[in-house]
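Hello,

I am passing a structure on to you, followed by notes on what was found in it. Please read the notes with the model open beside them.

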Amino acid sequence: MVHTASDEIDAAKTAAPAVFNPSSLGDLTGLDVLVVDDIAGSGDTAERTAELARAAGAAKVRTAIWVVNAENWRRAQPPEQAVTYIGQRVEGWVIFPWECP
């Protein structure tokens with residue numbers, strides 16, 4: 001699932017997180033699921049992925065995000081309430097070391 005049109009800095013966002021192959025999720029009935037994302041801006045992708053896991057039957061769904069860009073967060077709950085595990089909270093765009101030339 002993606003929410004950006006490309007991997008470029010300040011890439012355009014799609015209107016909503018896009019699911020490429022929802023059937024690949026499979027049957028999660030009774031399982032504990034951890035949704036992991038490297039970075040979250042709006043929080044939409046992690047929330048939509050968690051919803052898909054619940055719809056697939058997951059008994060418990062938790063979220064872990066390495067970096068939350070709080071400047072772009074737009075969910076009703078603050079990141080600390082909406083995400084189970086947060087590695088770091090930042091204000092602004094993040095460039096990971098492996099993205100540098």
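Arg-48 and Glu-51 are joined through their side chains by a salt bridge, at 3.7 Å from N to O. The term salt bridge is used here for a side-chain nitrogen of Lys or Arg within 4 Å of a carboxyl oxygen of Asp or Glu. About one helical turn separates Arg-48 from Glu-51, because they are 3 residues apart in helix α1. Helices (H or I, at least four residues) and strands (E, at least two) are DSSP runs, numbered from the N terminus. Arg-48 is partly exposed at 33% relative accessibility, and Glu-51 is partly exposed with a relative accessible area of 35%. For these labels, buried means under 20% relative accessible area, exposed means over 50%, and partly exposed lies in between (1.4 Å probe, protein chains only).

Before going further, note that this is a predicted model, in which local features need pLDDT of at least 70 and side-chain atom pairs count only at pLDDT 80 or more, while totals for chains, interfaces and linings use all residues. Residues are numbered from 1 along each chain as its sequence is written, and side-chain values use heavy atoms, with hydrogens and water left out.

The structure holds 4 salt bridges. Another of them is between the side chains of Asp-44 and Arg-74, at 2.2 Å from N to O. Asp-44 lies in helix α1 (residues 44-55) and Arg-74 in the loop between β4 (60-69) and α2 (79-82), so this pair ties together parts that are 30 residues apart in sequence. Asp-44 is buried, at 14% relative accessibility, whereas Arg-74 is exposed, at 53% relative accessible area.

Asp-44 also forms a salt bridge with Arg-75, where the closest N and O atoms are 2.7 Å apart. Arg-75 is in the loop between β4 and α2, so its pairing with Asp-44 in helix α1 ties together parts that are 31 residues apart in sequence. Arg-75 is partly exposed, with a relative accessible area of 31%.

Tyr-85 is in strand β5 (residues 85-90) and is partly exposed, at 42% relative accessibility.

Regards
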